[in-house]
Amino acid sequence: MYGTDSGQAQFTASFRCFGNLPALLKRRYRDASIVYRFKRHPAVKDAIESMGIPHTEVDVIVANGCSVDFHYQLQHLDTIDVYPLGCTVPAGTVLHLSAPPVEPVAFVIDLHLGKLTRRLRLLGFDCLYQNDFSDAEIMQLSFDQQRVILTRDRGILKHRQVVHGYLVRSDQVDEQIREVIDRYQLIDQIHAWRRCMACNGLLEKIEKAAIAERLQPLTRRYYLDFRRCRVCQRLYWQGSHFEKISRWLETLPGSDGQD
Ligand SMILES: [Zn+2]
C-alpha cells in the first residue's frame, strides 16, 4: 500500500511497525510492509505521524539497521522499523526515545476522559482535569509540571513539545485504567482513598464526631471511618462503594487490594 507526503513523490522508504503500533495506522497503511512515498526528506517523526502514530507512542526507530532519533531525515530506499515501549527490539539498540515520566507520576487529562480521571484519583494519582481545558493549556501544564498527558486525541500528542503522553486506546474505563497502570507500571504506586475524586485534593482522616451533623442517619449509624477532602470538604466513608472498589482493586494484576 502506498502513502505519500506530497503529490509529486520521488522517493520511497519501507516501514514496518511492531507491537501495538499497527492498530494506530491509518487504514491505508495497514500492510505488513508499508511503502511510504515522499518528495523532500522529511524527519522520520513526521513520516510516522502522518501514518497515524503519535511520536509519544514510539520508543525505538531502526533505520537500515541502526537506531536513530526522531530528527533522522528519510532517504530513498530506507528500511525503517518502528517499535513501541515494552516491545522486544533488535540486539544492540542504543537509542530509546520515550523518556520515563518524572516520579511520582502525575497526569493532565483531556475532556473526554472524565471517568478515567475520577478512577485514577480514587487510586491516589494526581490528575488535573477540567472539561474546558484547551490543547494549549494541557500542553503547558504537561510542560510546566512534568505531567503525563492522557488523551484520546492523537493530534495533541503529535506536537513536538509534548514529551510525556499516552494515547488511551479503549473507550471502556476499566480497560483504560489497565492500559495506564500497565503503560506507566503503576501497580505499586496505588494508594486508594488518598485523593478526592471530585477535585483532586488530598483526603484527611476525620473524627466522626466532627462531621456527624453532615451525615444521613443511616450513614451516621453504620460507618466509623471517615475522610474529608482538604480542598472541597467532600466526605468519604467506607460504605458499600468502598467494598465495590476494593473488590475491583483486587482484580488488577499484581494488586494486593490495598486501601
Ligand atoms: Zn475535593
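Biologist: How many strands form the open sheet, and in what order do they stand?

Modeller: In general, strands of a sheet pair through backbone hydrogen bonds, either parallel or antiparallel. In this predicted model, the open sheet is formed by 4 strands in the order E8-E7-E9-E10, and their pairing is parallel. Strand E8 (127-129) and strand E10 (165-167) are the edge strands, each pairing on one side only. On average, neighbouring strands of this sheet are turned by 25° against each other, direction ignored.

Biologist: Which residue stands opposite Leu128 in E8?

Modeller: That residue is Val108. Strand E7 (residues 107-109) and E8 run parallel and are joined by 3 bridges.

Biologist: Which helix lies across E7, E8 and strand E9?

Modeller: Helix H3 (residues 135-145) lies across E7, E8 and strand E9 (148-151). The direction of H3 is at about 180° to E7.

Biologist: In what sense does strand E6 pair with strand E2, and in what sense with strand E4?

Modeller: Again the general idea is that pairing may be either parallel or antiparallel. Strand E6 (residues 79-83) pairs with strand E2 (residues 11-17) in the parallel sense, over 4 bridges. Within this pair, Ser14 stands opposite Thr79 in E6. With strand E4 (residues 60-63), E6 pairs in the antiparallel sense, also over 4 bridges. There, Ala63 stands opposite Ile80 in E6.

Biologist: Which element has the lowest mean pLDDT, and which the highest?

Modeller: The general rule is that where pLDDT is low, the predicted coordinates should not be read in detail. The protein averages a pLDDT of 89, and 93% of the residues score at least 70. Among the elements of the protein, strand E1 (residues 2-4) has the lowest mean pLDDT, 48, while E7 has the highest, 98. The pLDDT is below 50 over residues 1-6, a stretch that has 22 contacts in the model beyond near neighbours in sequence.

Conventions. Residues are numbered from 1 along each chain as its sequence is written. This is a predicted model: local features need pLDDT of at least 70, side-chain atom pairs count only at pLDDT 80 or more; totals for chains, interfaces and linings use all residues. Two strands pair if DSSP finds at least two bridges between them. Helices (H or I, at least four residues) and strands (E, at least two) are DSSP runs, numbered from the N terminus. Axes are lines fitted to C-alpha atoms, for helices over the stretch in contact, and angles run from 0 to 180 degrees between N-to-C directions. Two residues are in contact if their C-beta atoms, placed from the backbone, lie within 7 Å. pLDDT is the predictor's confidence in each residue, from 0 to 100.
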